[in-house]
Amino acid sequence: MNSLLRHKGWTWGFRSTILLYFVVLIVLPILGVYYNSFSLGLKNFVESISDPIAWRSVLLTLRLALIAAIINVALGTMIAWVLVRYKFPLRPLLNSLVDLPFALPTAVGGLMILLLLGPGSLIGGAAESLGLEIVFHQPAIVIAMIFVTFPFVIRAVQPLLEELDPSEEEAAYTMGATGIRVFRKVILPSMAPGMIGGGMLAFSRALAEFGAVVLVAGNIPGRTLVSSVFIYGEVESDNPTGAAAVSIILLTLSFLILWLINMAQMRGRR
């Protein structure tokens with residue numbers, strides 16, 4: 001069997017299949033978006049990007065995605081620490097629930113947030129009585145982004161903590177270092193690549209989130225209209241060129257983030 005798989009014909013077939021899959025499902029759609037963005041000329045593209053509603057939606061998305069990523073880095077690192085360093089009865093259940101946002105449709109996640117924090121809910125009603133507005137405002141968008149990107153930092157930091165040699169911490173304590181100094185000098189540098197890489201992935205994923213956001217955002221231009229919902233509205237309004245113009249901004253940002261992650265990983269290996 002191994003000799004059959006090592007045959008040149010099989011090797012060529014596997015490589016061709018993978019390359020075809022990559023081209024059809026990834027490269028061609030991306031090229032299609034770029035082509036449609038400039039199909040009516042550079043002037044039309046600039047006008048689409050210069051639309052105040054368009055660039056405000058992009059800036060709002062960047063700001064809210066950054067907030068969600070920062071919160072995810074903090075919470076994800078703490079949860080990863082608890083899952084690795086502490087043993088408790090519900091630990092396997094909590095560890096499996098971390099991946100729930102990956103398995104759950106994002107629209108279901110948005111519905112959960114709507115039911116939990118909406119005006120008719122207990123928490124939403126209590127927040128309104130205190131003058132806090134959650135659903136159909138920016139806090140709900142941030143919560144939705146946090147929900148769909150929740151596992152990235154945890155799954156990036158967890159293996160780094162598991163691979164950390166306990167003898168390094170013991171040696172630091174033996175040399176008289178305090179707990180805070182050990183964390184800052186020994187543990188944190190080991191976790192940093194996972195925190196940075198997971199945070200970047202969470203930020204990139206939050207930029208493109210639609211299913212959860214569309215149910216809890218108020219879609220008010222400049223205040224709650226994020227870029228993914230704006231793109232959907234442009235498509236519904238029979239303006240695919242305008243939608244594609246905003247899309248390539250998100251695509252370019254995602255490519256840049258992935259490139260930075262790869263560079264950081266290569267630097268970490270060295």
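This is a predicted model: local features need pLDDT of at least 70, side-chain atom pairs count only at pLDDT 80 or more; totals for chains, interfaces and linings use all residues.
A pair of aromatic rings is described by the distance of the centres and the angle of the planes. The count of aromatic pairs in the model comes to two. In one of them, the ring centres of Phe-102 and Phe-152 are 5.3 Å apart and the planes stand at 75°, so this pair is edge-to-face. Phe-102 belongs to helix H6 (residues 100-103) and Phe-152 to helix H10 (residues 150-163), so the contact ties together parts that are 50 residues apart in sequence.

## The pair of Phe-210 and Tyr-232

Phe-210 and Tyr-232 also form an aromatic pair, and this one is tilted, with 5.2 Å from centre to centre and 45° between the planes. Phe-210 is located in the loop between H12 and helix H13 (213-216), while Tyr-232 is located in helix H14, so the pair ties together parts that are 22 residues apart in sequence.

Phe-210 is partly exposed at a relative accessible area of 27%, and Tyr-232 is partly exposed at 41%.

## The second largest pocket

Phe-210 and Tyr-232 are also among the residues that line the second largest pocket. This pocket has a volume of about 290 Å³. Other residues of the lining include Ser-204, Arg-205, Ala-208, Ser-228 and Ile-231. Ser-247, Leu-250, Leu-251 and Ser-254 belong to the lining as well.

Which elements give two or more residues to the lining of this pocket? They are helix H12 (179-207), helix H14 (227-236) and helix H15 (240-269). The largest share, four residues, comes from H15. Sorted by class, the lining of the second largest pocket has six nonpolar, four polar and one charged residues.

## A buried alanine and a charge over a ring

Is Ala-206 buried or exposed? Ala-206, which lies in helix H12, is buried, with a relative accessible area of 1%. From C-alpha to C-alpha, Ala-206 and Leu-161 are 25 Å apart in space, and they are 45 residues apart in sequence.

Elsewhere, a charged side chain meets an aromatic ring: Arg-85 lies over the face of Trp-81, at 4.6 Å from the ring centre.

## Loop residues with positive phi

Phe-136 has a phi near 70°, a positive value in a residue other than glycine. This residue is found in the loop between helix H8 (122-129) and helix H9 (138-148), and at 37% relative accessibility Phe-136 counts as partly exposed.

Asp-238 likewise is not a glycine, yet has a positive phi of about 60°. Asp-238 sits in the loop between H14 and H15 and is exposed, with a relative accessible area of 68%.

## Regions listed in UniProt

An unreviewed UniProt entry lists residues 12-35, 64-84, 96-116, 136-154 and 240-261 under "transmembrane region". In the model, residues 12-35 are 100% helix and 0% strand, and the end C-alpha atoms of this span lie 31 Å apart. Residues 96-116 are 81% helix and 0% strand, with 22 Å between the end C-alpha atoms.

The unreviewed entry also carries the annotation "domain: ABC transmembrane type-1", which covers residues 58-261. This span is 77% helix and 0% strand, and its end C-alpha atoms lie 22 Å apart.

Technical notes:
Residues are numbered from 1 along each chain as its sequence is written. Side-chain values use heavy atoms; hydrogens and water are left out. On a 1 Å grid over the protein atoms alone, a cavity is a set of points where a 1.4 Å probe fits but cannot get out, and a pocket is an open set with protein on both sides within 12 Å along at least five of seven lines; lining residues have an atom within 4 Å of a point. Grid points are joined across faces, edges and corners, and a volume is the space filled by probe spheres set on the points. Ala, Val, Leu, Ile, Met, Phe, Trp, Tyr, Cys and Pro count as nonpolar, Asp, Glu, Lys and Arg as charged, and the others, Gly among them, as polar. Rings of Phe, Tyr and Trp (its six-membered ring) pair if their centres lie within 6.5 Å; planes under 30 degrees apart count as stacked, over 60 as edge-to-face and the rest as tilted. Buried means under 20% relative accessible area, exposed over 50%, partly exposed in between (1.4 Å probe, protein chains only). A charge sits over a ring if NZ of Lys or CZ of Arg is within 6 Å of the ring centre and within 35 degrees of the ring normal. UniProt positions are given in the numbering used here, feature names are shortened, and annotations may be inferred rather than shown by experiment.
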